[in-house]
Amino acid sequence: LKDSREANTIAMASLRSMVHESVSQRMTQREELTDSDRAYIRTILQQYLALATLQGNTEETLAIRAEAEGQVGSLYYHLFQPEDAIEHLRTAQSLYRQLRQLRQNPADSVAAAGYMEVLAAVFFTDGRFQESRDSSDEAITLLDTIGDRASILAKHDDDRKVASALSSLLIMRGEANQRLEDHDQARQDFREAAALLQQLIADRPDDVSLKFVAGNNLRTFASYLNDRATADSERQEALSILNQSISYMESVRQNEMNSFRYLSTLAWSYYDRSFVLESLGRLDDAISDMWKSVELTEKLTERFPLMN
């Protein structure tokens with residue numbers, strides 16, 4: 001029995017590493033998945049499904065089953081199979097609830113919240129904005145049980161993971177609130193997320209992946225502010241946030257130049273900023289940004305010919 005548990009733990013660790021290093025790379029460095037990518041992801045998915053069917057309700061078994069179900073749901077999401085994704089992500093939530101009754105481990109709450117964020121994204125992509133907001137709410141509430149917003153910004157890896165997860169969830173909930181026209185709550189969510197991201201980067205100025213996430217999420221906030229702006233002071237705030245977003249993105253350009261997501265996000269950031277600058281009467285700066293967006297788009301078409 002001990003050998004079996006150890007074998008399952010090793011298998012989960014191996015799959016986790018494979019997904020992080022290989023599957024994630026395929027999904028971030030392409031405009032869309034190829035048939036080969038899909039076949040590879042389905043192979044990984046089947047291995048996770050095998051782990052998800054393990055028998056028993058011990059802490060170790062529940063932890064493996066919960067993570068496996070979450071990974072299956074996440075992979076189905078990336079394969080554009082929303083109903084399958086929702087089924088497995090909900091099963092993962094149920095298993096994590098059982099696991100939290102057996103042990104009090106903050107890592108379980110962080111993992112559960114991460115899969116709830118994926119579930120919120122599935123609902124959002126499917127146009128189910130209320131369910132997306134509800135999933136984000138549940139995840140944020142769960143993370144808030146770990147510690148207050150100030151303490152989780154302490155300089156410890158686990159605390160920073162919680163803060164990073166919180167910022168992403170706040171952005172997700174803000175977008176859902178925007179679609180539901182709850183603009184006061186949307187603005188509050190975006191502001192909280194921006195504050196968390198800025199503090200995280202102040203603590204970890206050399207973290208490339210964090211700067212990419214921050215740049216992308218701050219662009220979402222700035223776009224929202226500009227869309228809702230009725231005065232130059234609001235446009236100026238949007239411009240300030242876009243400046244910070246682009247600064248973060250440009251600082252990691254050498255690390256991310258082969259990433260479709262990076263190039264497309266940076267191109268959109270310059271595009272968005274050009275319109276803010278134009279609305280503020282800074283036409284020369286607006287034209288300069290528009291050209292930068294065009295240049296980045298041309299690089300995209302060179303590196304990812306499927307766009308042609």
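## Loop residues with positive phi

In this predicted model, Glu181 is located in the loop that joins helix H7 (157–179) to helix H8 (183–203). Glu181 is not a glycine, yet its phi is positive, at about 60°. Most residues other than glycine have a negative phi. The relative accessibility of Glu181 is 63%, so this residue counts as exposed, the cut-off for that class being over 50%.

Phe80 occupies the loop between helix H3 (59–78) and helix H4 (82–102). Its phi is near 60°, again a positive value in a residue other than glycine. Because its relative accessibility is 63%, Phe80 is classed as exposed.

## Packing of H12 against H13

Two packed helices are described by the angle between their axes and the distance between the axes. For helix H12 (residues 260–279) and helix H13 (residues 283–303), the angle is about 160° and the axes are 8 Å apart. H12 and H13 are therefore roughly antiparallel to each other, as angles over 145 degrees fall in that class. The crossing of H12 past H13 is left-handed.

On the H12 side, the residues in contact with H13 include Phe260, Leu263, Leu266, Tyr270, Phe275 and Leu277. On the H13 side, Leu283, Met290, Leu296 and Leu300 are among the residues that meet H12. By class, the residues of this contact comprise 13 nonpolar, four polar and six charged. Among the charged ones are Arg273 and Glu278 in H12, and Asp285, Asp289, Lys292 and Arg303 in H13.

## Packing of H9 against H12

H12 also packs with H9, at an angle of about 30° and with the axes 10 Å apart. H9 and H12 are therefore roughly parallel to each other, the limit for this class being under 35 degrees. H9 passes H12 in a left-handed crossing.

From H9, the residues taking part are Phe212, Asn216, Arg219, Ser223 and Asn226. They meet Arg261, Tyr262, Thr265, Trp268, Ser269, Asp272, Val276 and Ser279 in H12. The contact of H9 with H12 has four nonpolar, six polar and three charged residues.

## Aromatic pairs

The count of aromatic pairs comes to seven. One of these is formed by Phe212 and Tyr262, whose ring centres are 6.3 Å apart with 40° between the planes, a tilted arrangement. Phe212 belongs to helix H9 (residues 208–228) and Tyr262 to helix H12, so the pair ties together parts that are 50 residues apart in sequence.

Trp268 and Tyr271 form an edge-to-face pair, at 5.2 Å centre to centre and with 85° between the planes. These two residues are three apart in helix H12, so about one helical turn separates them. Trp268 is partly exposed, with a relative accessible area of 46%, and Tyr271 is likewise partly exposed, at 30%.

## Aromatic cluster

Phe190, Phe221 and Tyr224 form one aromatic cluster.

Definitions and conventions
Residues numbered from 1 in each chain as written. Predicted model: local features only at pLDDT ≥ 70, side-chain atom pairs only at ≥ 80, totals over all residues. Heavy atoms only, no water. Helix = DSSP H or I, 4+ residues; strand = E, 2+ residues; numbered from the N terminus. Buried < 20%, exposed > 50% of the residue type's maximum accessible area, 1.4 Å probe, protein only. Axes fitted to C-alpha atoms, helices over the stretch in contact; angles between N-to-C directions. Parallel < 35°, antiparallel > 145°, perpendicular 65-115°, else oblique. Left-handed = near helix turned anticlockwise from the far one by under 90°. Contact = heavy atoms within 4.5 Å. Phe/Tyr/Trp six-rings, centres within 6.5 Å; stacked < 30°, edge-to-face > 60°.
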